[in-house]
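Q: I would like to learn how to read a protein model. Could we go through one together?

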Amino acid sequence: MLPAHVRLAEMYHLHKAGKLTMEHGPELLQCLQINERYCWDMMKLQQLSAFAMNVRDDEWFEELRIRIDALRITGRAPRSGGG
């Protein structure tokens, strides 16, 4: 989970309590942008990982698993070295 995900949960809690203001707007949009990039990157890497497994490319599969782990921890996946 990324800090942006925690902040989104906090802002949703503020919303439910009726305390989310227009001043939260830019921060909310930034968190949503981070979440969008994270989701698309994760889906892409998971699909590529499944493909690598199907074609039995163990080296590529391992590279993708490393990139997925990095994405989960940092919010950014290192660039591919090939595959």
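Q: In what order do the elements of the protein run from the N terminus on?
A: Helices (H or I, at least four residues) and strands (E, at least two) are DSSP runs, numbered from the N terminus. Here the order is α-α-α, with three helices and zero strands in the protein. This is a predicted model, in which local features need pLDDT of at least 70 and side-chain atom pairs count only at pLDDT 80 or more, while totals for chains, interfaces and linings use all residues. Residues are numbered from 1 along each chain as its sequence is written, and side-chain values use heavy atoms, with hydrogens and water left out.

Q: What radius of gyration does the protein have?
A: The radius of gyration is taken over C-alpha atoms, and the globule rule is 2.2 Å times the number of residues to the power 0.38. A compact globule of 83 residues would come near 12 Å, but this protein has 17 Å. Its C-alpha trace spans about 50 × 20 × 15 Å along the principal axes.

Q: How many residues does α1 have, and how far does α1 reach?
A: The expected span of a helix is 1.5 Å times one less than its number of residues. With 14 residues, α1 reaches 20 Å from its first C-alpha to its last, close to the 20 Å expected at 1.5 Å a residue.

Q: Which residues of α1 are buried?
A: Buried means under 20% relative accessible area, exposed over 50%, and partly exposed in between (1.4 Å probe, protein chains only). In α1, the buried residues are Ala4, His5, Leu8 and Met11. Seen down the axis of α1, its buried residues fall within an arc of 120°, so they line one face of the helix. That arc is the one made by the directions from the helix axis to the C-beta atoms. On the other side of α1, Pro3, His13 and Lys16 are exposed.

Q: Why do residues three or four places apart point the same way in an α-helix?
A: An α-helix has 3.6 residues a turn, so residues at that spacing point the same way.

Q: What covers the buried residues of α1?
A: Contact means heavy atoms within 4.5 Å. The cover of the buried residues of α1 includes α2.

Q: Where is His24, and is His24 buried or exposed?
A: His24 lies in the loop between α1 (3–16) and α2 (25–54). His24 is buried, with a relative accessible area of 17%. Not counting residues up to four places away in sequence, His24 touches Arg7, Met11, Leu14 and Lys19.
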